[in-house]
Amino acid sequence: MNFNTDYKELYNNFPSGYFCSLPNGTIVDSNKKFLNLTGYTREELIGEKKFTDFLSLGEKIYFENIYSVALKLSGTIEEINFNFIKKDGTKFPVLINSVEIKDKEGLHLFTQSSVFNISQRKKYEQELLTAKKKANDLSNELIDVNKELLSRAELILKQKLQLEEVNQHLENKNRQLTSFAHIASHDLRAPVGNLLLLKNFYKESTDLEDKAMLFSKVETVIDNLNGTLNELIETVKIQGNKDITHDPIIFDFVFDKTLVILETQILDSKAVVTSNFSEAPNIEYPKLYMESIMLNLLSNSIRYRSPNRIAEIHFCTAVNNNEIMLIAKDNGLGIDLQKHGPKLFGLNNTFHRHPDSKGVGLFMTKTQIEAVGGSITVESEVDKGSTFKIILKKNI
Amino acid sequence: MLKKIIARNNITMHGTGSKSMFLVHGYGCDQNMWRFIIPQLKDEYKIILIDLVGSGKSDENSYDLDKYSSLDGYADDIIEICDALNLEDICLVGHSVSAMIGLLTAIKRPSLFKKLIMICPSPRYINSEDYFGGFSQNDIDNLMETLDSNYLGWSSAMAPVIMGNADRPELAAELEESFCQNNPEIARHFAKVTFLGDNRSDLKKLTTDTLIIQSNTDAIASIKVGQFVHDNIADSKLVVLETTGHCPHLSDPNQTVEAMKQYLT
């Protein structure tokens, strides 16, 4: 079969619209498909209509500012989407490719444009756009939900930390209570057992002189028991004290006050007491605790001095890793830490066969220090001396 | 500072003349739109071309939504550029929206100006009871839809280039050759600022000698609008060219240059 290309036929029956316009936009030719698409007759279109007649006002702005500028500058433009207005006023979406036809001198003669009806594709595109918008909305929603979740997680984490803190506090309290109960029961049982025994002796005894002697022993035990009870009550007060007020403290002042209180003991013992608080001259701390801590440490050092040498006792402050420390050093009897270490700060533990040993001071000192969030440690060697190191506070 | 400004507005200089001519493109495109008239001006003038921030090859990162939510932001840029380049006695040529940017610049700093040339200006696009701008709010919404539908392919293909992705040089080359491809977000914002703005009351504040060039057929700025601009600027002259479209410097560069030269001599 012979295939003779009839270009006019091909042009007219071309399955997409085609038109040719002058530089001023007037349409000077079109194929049948374009007439079909727009609903105009050839007579109504050719020489009568301009490209922009098919556009809405908003699209004309796009046409003038972008479409024709880009076409002018590059000579061709592709895939521009307009909604063409048909003769009956209805619209249909098109994609347009345009090319400028110029003469040899570069003078612009015509613009040729092909027009593709994209009604079906546009619907699909709309669906895609709607779906995309929906997806975007959902995504934004998810982002919001995620933000909400993150902020809640943060809150939960915060609460968890608070709970952990509370828990830690409770555990401490619990430990204190357990230890306290243990100490209390242990320390109260011995004198009470003693009392029971004395009571039995007293009942069985017929001798008046014996009875008087037994009763005076009972008195002594009751006095001791009373002393122990008072100490226990004091420590309960310290442990139960939640909101301890912190006062501005100058170490020198508190220490001087302590020296005055213990003046007799210091004079009697001939101890040499020195101090240097220049590294940390002051601190915010509960005043009563500080007085009690210094008093206990100093009186302990005096009480447990070595009979073989002149007692030298030195108090000072130090700053280490943002912590203010109070250090009390003596050259006294020292403590066998191997033997007594674990019980050192317990109630009613004494480590010296010393006539004055009462053994409540360190327990209370430790309780006071811990109530403010500090800690106490000791380094000691028998017959060389002891050094108590107290971390008072961490917030400097 | 100068370097930063040059990069921000993609400033280019052309010509060997002694007098300064500062050309500012309108909405939708960039300084390329002057290329048909430059050859006829460059012997007589030192020509300064810029891309408005957000258009062409300007530094997109400088596009500040607040600053450019009114045309004043662009006017400030032009004053800054003139100061940085030590320009004075300029003839500023502004097309379309940039005619209004030129107007604001000349009101802010009249001393910079010798002449102002407005090509197809419109101080207000939206009609009101006693004013014909040619458009309604609806038409501008329609423009927004058209902008959107013609950026469908843009977003995915061009985004990497715009975002400075150097891995795909072929895209950059494509962008290099394509005109009027601006970031869709910015294009939308700039369109709103341009087509919803109202500078009618500024016209009377202008003291600079002004030429208004119109096309006899312009769907964007009609003769009526050109006449309004002319009536409201004291020292102004109106020239209507026998050409079609909103860009006479593209559709009929010869006539446009002729009108400019006649006015300037």
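In the predicted model, the crossing of H1(B) and H2(B) is left-handed, a term that applies when the near helix is turned anticlockwise from the far one by less than a right angle. The axes of helix H1 (residues 2-9) and helix H2 (residues 72-84), both of chain B, come within 10 Å and cross at roughly 135°, so that H1(B) is oblique to H2(B). Oblique angles are those left when under 35 degrees counts as roughly parallel, over 145 as roughly antiparallel and 65 to 115 as roughly perpendicular. From H1(B), B:Leu2, B:Ile5 and B:Asn9 meet B:Asp77, B:Glu80, B:Ile81 and B:Ala84 of H2(B), contact being defined by C-beta atoms, placed from the backbone, within 7 Å.

Residues are numbered from 1 along each chain as its sequence is written, and chains are lettered from A in the order in which they are written. Because the model is predicted, local features need pLDDT of at least 70 and side-chain atom pairs count only at pLDDT 80 or more, whereas totals for chains, interfaces and linings use all residues.

The contact between the chains takes 23 residues from chain A and 29 residues from chain B. On the side of chain A that touches chain B, helix H4 (57-74) and strand E3 (76-85) each supply at least two residues, and H4(A) gives the most, with 15 residues.

Methods: Contact = placed C-beta atoms within 7 Å. Helix = DSSP H or I, 4+ residues; strand = E, 2+ residues; numbered from the N terminus. Axes fitted to C-alpha atoms, helices over the stretch in contact; angles between N-to-C directions.
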